[in-house]
Amino acid sequence: MLFFENTSLRRGKKVLFEQASFIVNPQDKVGVTGANGTGKSSLFALVRGELEEDEGNFAKSNGIVISSVRQETPSVAIPAIDYVLQGDEELISLQQQLVEAEANNQGESIGDLHQKLADIDAYSAHSRAGALMHGLGFTAEQENLPVNNFSGGWRMRLNLAQALMCRSNLLLLDEPTNHLDLETVIWLEKWLKAYQGAVMLISHDRDFLDRVVNRIAHIEQQGVKVYTGNYSDFEIQRAEHLAQQQSQFERQQKEISHMQSFVTRFKAKASKAKQAQSRVKALERMELIAPAHVDSPFNFAFPELGHVPAPLLQIKSADLGYQSDSSESITILKQAGFSLLPGDRIGLLGKNGAGKSTLIKSLVEEIPLLVGERIAAKTINIGYFAQHQLDQLHPEMSPIQHLQRDYPDATEQELRNFLGGFDFNGDKALEPVAPFSGGEKARLVLALLVYSKPNVLLLDEPTNHLDLEMRHAMTVAFQNFEGAILLVSHDRHMLKTVCDDLYLVADGQVQQYKGDLDDYAKWTLEQSKLEKQEVVETSNSAAPSLTKKEQRKLDAEKRKQLQPLRNKLKKLEQQMDKSQQRITELDEIMADGSLYEEARKDEMLSVTNESQSLKAELESIEEEWFELNEELETLSE
């Protein structure tokens, strides 16, 4: 499909990569990773034909149809669903030809065009577009709203839906999850797994990569190296490679020691709760892959706080929401009770619009409570991060000037040293922020937050625009933070490694969620299925009733049809139980610190590979189980 042979690519005088040789096969799912500026987006431009290779050869198979997400959305007044349908260019072309043929009374052409439209399943295109929009979080009412009615984030979702609408055999996705919530990310994963073409995916969400890709193309030191497996496999393989480099050994051992001490400390106080055990496993895996990040440009930590009051922040019997333009109260959450104590690590779950951001804005007093009481400790110092704060940076000021404005007594060298931990080194610390990328601005806002010595962190999607190395550095820094954290994120890896407790915001309530993130993923898919079922039931409510004899015959036919599906479902459940039992056994083996000694290196590799293989197999079985269960329930209706 795609053939790279000793391919080199430059942008201006800068060499991005050279002598790259690899092949992307049909149905490959390739994660493209590497630090910012290494050439990931330029590689996509080469594949799309917008750039040419500087040396070597790059070729594509004949007839390949490439789909990618537009970065800009025109401010047009056409209905959103029509905009999504434009992603199927062949459909739009045939429809235009049909209009012209009908206008000119070209009978033979009209017949040929109708046949071509039938061949590409054109008559279900509208429902397919609607299903894509529903999966990406749009309601049925929003399908016919004009595109220019939507905000920037929702327009990017429309661009993604348009790209998925294309009947392509190669899909290029550059940070597709940046404007999505967790529920939509879960839906997109499922869609990409079922996609029959090849995918090249740039993403800084490691759990998303783990669930979607089967190969990693990593760009570093002006080269492209391809690894087999998902992102976790890549981290382990790269960690082994870096561990052999003596110059980095000391820093590697320091980070492993740091991770080990935290895992040991957390284990000592961890309960048997599923979420707590899930976090222990995530932290242990972080310890295993720590060497893969020894060359990270980021190195920072939160300062020690000393005495932290308890509780830090509370709301009692609170109604949360907004005042409309007509001064009418719009309640989002009712009678909410919430408390943050030192050491709390809470992740907020819930659909987009359920009230997660409303809760955080109410806690930080960005919006007042409609009813109830907010109680804060006298010495509270809130570190608040939200995407709109990136726009509040002064465009003409440099990173160091932002700090000097708020902390005039600090020395320039002290501030330079601090900013270096966020990769604002040398002249970069003195440059105005106006031309900074979204990732650089987000890093600066986080740097300002860390320097302010907060004892409460309220974080609303802090990982948007941040690369994998920065996300890793954040999770390490959060683990030694002495205050309380409340986190909204679609990055499941961060939720797993940072949060001890999960709270669900749904149906106007905030309640503790007893399961873990895997349980939540299943719940969201079930909720989506129920919503579809309600639509079907509504549309069928006017259908004529059957006689008792007809109903008995129909029920008998259903039972006959459903029995093979039930048998297969039971077999899959047995396979899942067997795989999960073995994974648990392997997790216990991997919890033994001596496994990672040099003498047991081969055993460690064997156990790790078996664990990764079983987890991938289990995900595949679970996916089949979900689809089969959905089919079974649909037929049972």
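Here are some questions and answers on how the helices, cores and sheets of this predicted model get their labels.

Q: What makes the length of α15 close to what is expected for a helix?
A: The expected span is 1.5 Å times one less than the number of residues. α15 covers residues 438–451, 14 residues in all, and reaches 20 Å from its first C-alpha to its last, close to the expected 20 Å.

Q: Why is α15 called largely enclosed by the rest of the structure?
A: Buried means under 20% relative accessible area. In α15, 12 of the 14 residues are buried, so the helix counts as largely enclosed. Among them are G439, E440, R443 and Y451.

Q: Which elements do the buried residues of α15 pack against?
A: Contact means heavy atoms within 4.5 Å. The buried residues of α15 pack against β14 (382–385), β15 (456–460), α13 (399–406), α14 (412–420) and α16 (468–479). Just after α15, K453 has a positive phi of about 55°.

Q: Which residues touch the most other members of the largest nonpolar core?
A: That would be F300, L349 and F478, in a core of 52 residues. The largest share of this core, nine residues, comes from α15. Leaving aside neighbours within four places in sequence, F300 is in contact with G421, F422, V450, M470, A473, M474 and A477.

Q: What makes the group with I120, L188, V199 and L201 another core?
A: A nonpolar core is a set of buried nonpolar residues joined through side-chain atoms within 4.5 Å. The core that includes I120, L188, V199 and L201 has 49 residues and lies apart from the largest one.

Q: Why do β2 and β4 count as edge strands?
A: Two strands pair if there are at least two bridges between them. The open sheet runs β2-β1-β4, with antiparallel pairing. β2 (14–24) and β4 (55–60) each have a single partner strand, so one side of each lacks a neighbour in the sheet.

Q: How do you know that β1 and β4 pair?
A: The cut-off is at least two bridges, and five join β1 (residues 2–11) to β4. F4 stands opposite F58 in β4. Helix α1 (residues 40–48) lies across β1, β2 and β4, at about 125° to β1.

Q: What makes β10 and β13 partners?
A: Five bridges join β10 (residues 313–323) to β13, and the two run antiparallel. I315 has R374 in β13 as its bridge partner. The open sheet here has the order β11-β10-β13, and helix α12 (residues 356–363) lies across these strands at about 115° to β10.

Technical notes
Residues numbered from 1 in each chain as written. Predicted model: local features only at pLDDT ≥ 70, side-chain atom pairs only at ≥ 80, totals over all residues. Heavy atoms only, no water. Helix = DSSP H or I, 4+ residues; strand = E, 2+ residues; numbered from the N terminus. Buried < 20%, exposed > 50% of the residue type's maximum accessible area, 1.4 Å probe, protein only. Axes fitted to C-alpha atoms, helices over the stretch in contact; angles between N-to-C directions.
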